[in-house]
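Subject: Model for you to look at

Hi,

Here is the model I promised. Please open it alongside these notes.

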Amino acid sequence: MYLTQLLFVVMSMFQDSTKVAPMDTLSVAYSDKWMAAANQGEGFFMSFMSSNNLIFVVLGVTLIIWTVLIVYLSRVDKTISKLENQLNHSSNEA
Amino acid sequence: MKVWKYLIIVWMSLVIVGGFLIQIPFIPILEQTARNLFFHVPMWMAMYAMFLMSLYHSIHYLRKTDWLADIKAEAAAKTGIVFGVCGLLTGSLWARFTWGTWWTFAEPKMNLAALALMIYVAYFMLRSAFDEPKKRARISAVYNIFAVSTIPFLLYVVPRQLTSLHPGADGNPAFSEITAAELRFILYPAMVGFIALSYWVYEITYRAYRVRYISEQTISNPQ
């Protein structure tokens with residue numbers, strides 16, 4: 001219940017406002033005008049990311065890399081823990 | 001921990017600090033996101049390095065039937081996927097604030113990169129389909145050679161023939177023509193640093209997989 005509400009809040013944070021992407025890149029293959037920055041849409045997330053000459057986009061990119069690497073390493077960590085448990089278990093039996 | 005790992009920590013710290021602090025020319029729309037060049041592009045270079053290493057070990061396996069080579073190929077492919085996912089996600093965020101959308105099907109490089117990753121996901125699905133280690137190693141080594149041979153076409157040849165928002169595509173100026181020279185002072189160290197970091201991640205994965213393989217073998221054939 002609370003989880004779904006939280007999910008909704010998080011999703012609406014990332015969602016663009018009713019004005020969808022200013023340039024329709026789905027049907028128009030390429031335009032020499034990049035119009036995205038002119039109209040970034042509303043919402044806390046969008047206006048925060050667009051502030052300060054888009055520097056927070058760079059922060060977001062570094063955080064994405066950091067998160068993916070940490071998630072991956074913690075998974076490898078889990079694999080190793082499982083092996084260690086097995087090893088302890090088998091040495092107790094012997 | 002070996003010395004080169006401490007070296008990577010220091011090197012990468014300097015790259016990140018330099019990437020945020022270096023003076024860069026102002027380009028409208030791109031603005032400060034030009035700094036993403038130091039983080040988004042090396043992800044792909046690290047992925048290529050890992051996939052090439054995976055190819056090397058797969059060929060080595062087919063020639064020598066060394067089970068360690070199979071484990072190495074698997075670990076390298078896994079690490080390559082991790083960096084490829086980083087590249088896709090960072091590219092998606094960058095695209096939202098410069099091109100105006102998280103994802104577009106009009107952009108060939110973006111979609112073909114996702115396709116390349118899916119080809120590598122299939123490599124792991126193929127591996128999981130076999131219980132017998134020798135059969136799994138041989139067939140997945142052959143598949144891996146196919147998978148890596150698609151990479152240059154998917155990410156270099158085809159995107160350059162089509163209109164694309166990425167630099168170097170048909171009708172666009174190439175990377176070397178539109179990139180300020182000073183960006184290279186960070187970009188190349190970042191490439192070296194991230195490839196070295198990916199090697200470190202690969203090494204940890206390889207060690208874990210190697211021990212797992214040995215423990216599986218001792219469980220199935222107790223002495």
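Predicted model: local features only at pLDDT ≥ 70, side-chain atom pairs only at ≥ 80, totals over all residues.

Residues are numbered from 1 along each chain as its sequence is written, with chains lettered from A and ligands numbered from 1 in the order written.

Chain contact. Chain A puts in 31 residues and chain B 33 (contact: C-beta atoms, placed from the backbone, within 7 Å). On the chain A side, H3(A) gives the most, with 15 residues. Helices are DSSP runs of H or I, at least four residues, numbered from the N terminus. That side divides into 24 nonpolar, seven polar and no charged residues (nonpolar: Ala, Val, Leu, Ile, Met, Phe, Trp, Tyr, Cys and Pro; charged: Asp, Glu, Lys and Arg; polar: the others, including Gly).

Met43(B). Beyond its neighbours within four places in sequence, Met43(B) contacts Ile65(A), Phe83(B), Cys86(B), Gly87(B), Thr90(B) and Phe194(B).

Helix H5(B). H5(B) has 29 residues and reaches 41 Å from first C-alpha to last, close to the expected 42 Å (1.5 Å times one less than its number of residues). H5(B) bends by about 35° at Leu154(B) (angle between axes fitted to the seven residues ending there and the seven starting there). Its buried residues include Ala137(B), Asn144(B) and Pro159(B) (buried: 20 or more other C-beta atoms within 10 Å of a residue's own, C-beta atoms being placed from the backbone). The buried residues of H5(B) pack against H2, H3 and H4 of chain B.

Core. Val57(A) and Met43(B) are among the residues touching the most other members of the largest nonpolar core, which has 58 residues (buried Ala, Val, Leu, Ile, Met, Phe, Trp, Tyr and Cys joined through C-beta atoms within 7 Å).

Best wishes

Terms used
Buried ≥ 20, exposed ≤ 12 C-beta atoms within 10 Å, placed from the backbone. Contact = placed C-beta atoms within 7 Å. Helix = DSSP H or I, 4+ residues; strand = E, 2+ residues; numbered from the N terminus.
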